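Please keep the sequence and the structure in view while reading.

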Amino acid sequence: MEKERVQLIEEKKNAELQALKTQINPHFIFNSLNNIYSLVYQNSDKALPALEELSQLLRYSTKDLEKDFILLDKEVGYMESLIALEKLRIKNPELILFNKDLKNPKLSISPMLLVPFVENAFKHGDINGKGMELKVSDDNGRLHFYLRNFKKQRMKDFSSGIGIGNVRKRLQLIYPDKHWLEITETEDTFIVDLKIDLNTNKLTAY
């Protein structure tokens, strides 16, 4: 009976994780398509490069979301492709500051844990006016993700989006007692400070 109970708990956990993963992909694609639609509508010469970036993102997501863990540099690659896609539509791309310092890019991480924060910043932040600061680093198997962006005027309840709520739940399921997440929200700014111990993953990333 005890073995059956443990098995049922594990199956429930896996089912919850799979359901959360399927929430991410359509949400992510929908926002990207909206950006490209805007470029096409404006007859912008940036539309084709944007489509190429999106196809790269789709190749990542359709292949890697099925896995329990992927390489850390692949997850960061998601962010880099997203940033490249967004830079095509904003007026001041130089205001996006991205610092990457990966000592061990072959660490494994659950896919799409970091990207929703970046996506949320682009969707709701004042990127054109004030930009965004993003840092990703690792030290002895411990990941540190930091993001700071400025809110658009009259933007409320910045942290209640589908993507962020999804990440909170997945962190609790996958990294219980192995992560630290602090979200600081003021009248003007939104800051995400996330640390995860990646030494605890049970599966090997491909």
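Does tyrosine 41 count as buried or exposed? Tyrosine 41 counts as exposed, since its relative accessibility is 65% and the cut-off for exposed is over 50%. The model is a predicted one.

## Aromatic pairs

Two aromatic pairs are found in a search of the whole structure. One of them joins tyrosine 37 and tyrosine 41, which are stacked, with 6.3 Å from centre to centre and 25° between the planes. Both belong to helix H1 (residues 2-41), where a spacing of four residues separates them by about one helical turn. Tyrosine 37 is exposed, at a relative accessible area of 56%.

Phenylalanine 117 and phenylalanine 145 also pair: their ring centres are 5.8 Å apart and their planes stand at 35°, so this pair is tilted. Because phenylalanine 117 lies in helix H4 and phenylalanine 145 in strand E5, the pair ties together parts that are 28 residues apart in sequence. Phenylalanine 117 is buried, with a relative accessible area of 1%, and phenylalanine 145 is buried at 0%.

## The sheet and its helices

Five strands make up an open sheet with mixed pairing, in the order E2-E4-E5-E7-E6. Its edge strands, E2 (96-101) and E6 (179-185), each pair on one side only. On average, neighbouring strands are turned by 5° against each other, direction ignored. Strand E7 (residues 189-197) pairs with E6 in the antiparallel sense over seven bridges; phenylalanine 190 in E7 is the bridge partner of glutamate 185.

Helix H3 (residues 72-87) lies across E2, E4 (132-139) and E5 (142-150), and runs at about 165° to E2. Helix H4 (residues 115-124) lies across E2, E4, E5, E6 and E7, and runs at about 5° to E5.

## Nonpolar cores

The largest nonpolar core has 40 residues, and those with the most contacts inside it are Met79, Ile109, Val118, Phe145 and Tyr175. Two or more residues each come from H3, H4, E4, E5, H6 and E7, with H3 giving the largest share, six residues. A second, separate core has eight residues, among them Ile36, Ala47, Leu54 and Leu88.

## Tyrosine 175

Where is tyrosine 175 placed? Tyrosine 175 sits in the loop between helix H6 (162-174) and E6. Tyrosine 175 is buried, because its relative accessible area is 1% and buried means under 20%. The side chain of tyrosine 175 reaches the backbone nitrogen of serine 110 at 3.3 Å. Isoleucine 196 is 21 residues from tyrosine 175 in sequence and 7.6 Å away in space, C-alpha to C-alpha.

Note on methods
Residues are numbered from 1 along each chain as its sequence is written. This is a predicted model: local features need pLDDT of at least 70, side-chain atom pairs count only at pLDDT 80 or more; totals for chains, interfaces and linings use all residues. Side-chain values use heavy atoms; hydrogens and water are left out. Two strands pair if DSSP finds at least two bridges between them. Axes are lines fitted to C-alpha atoms, for helices over the stretch in contact, and angles run from 0 to 180 degrees between N-to-C directions. Contact means heavy atoms within 4.5 Å. Buried means under 20% relative accessible area, exposed over 50%, partly exposed in between (1.4 Å probe, protein chains only). A polar contact is a pair of N or O atoms within 3.5 Å; within protein, one must be able to donate a hydrogen and the other to accept it, and residues adjacent in sequence count only if both atoms are side-chain atoms. A nonpolar core is a set of buried Ala, Val, Leu, Ile, Met, Phe, Trp, Tyr and Cys residues joined through side-chain atoms within 4.5 Å. Rings of Phe, Tyr and Trp (its six-membered ring) pair if their centres lie within 6.5 Å; planes under 30 degrees apart count as stacked, over 60 as edge-to-face and the rest as tilted.
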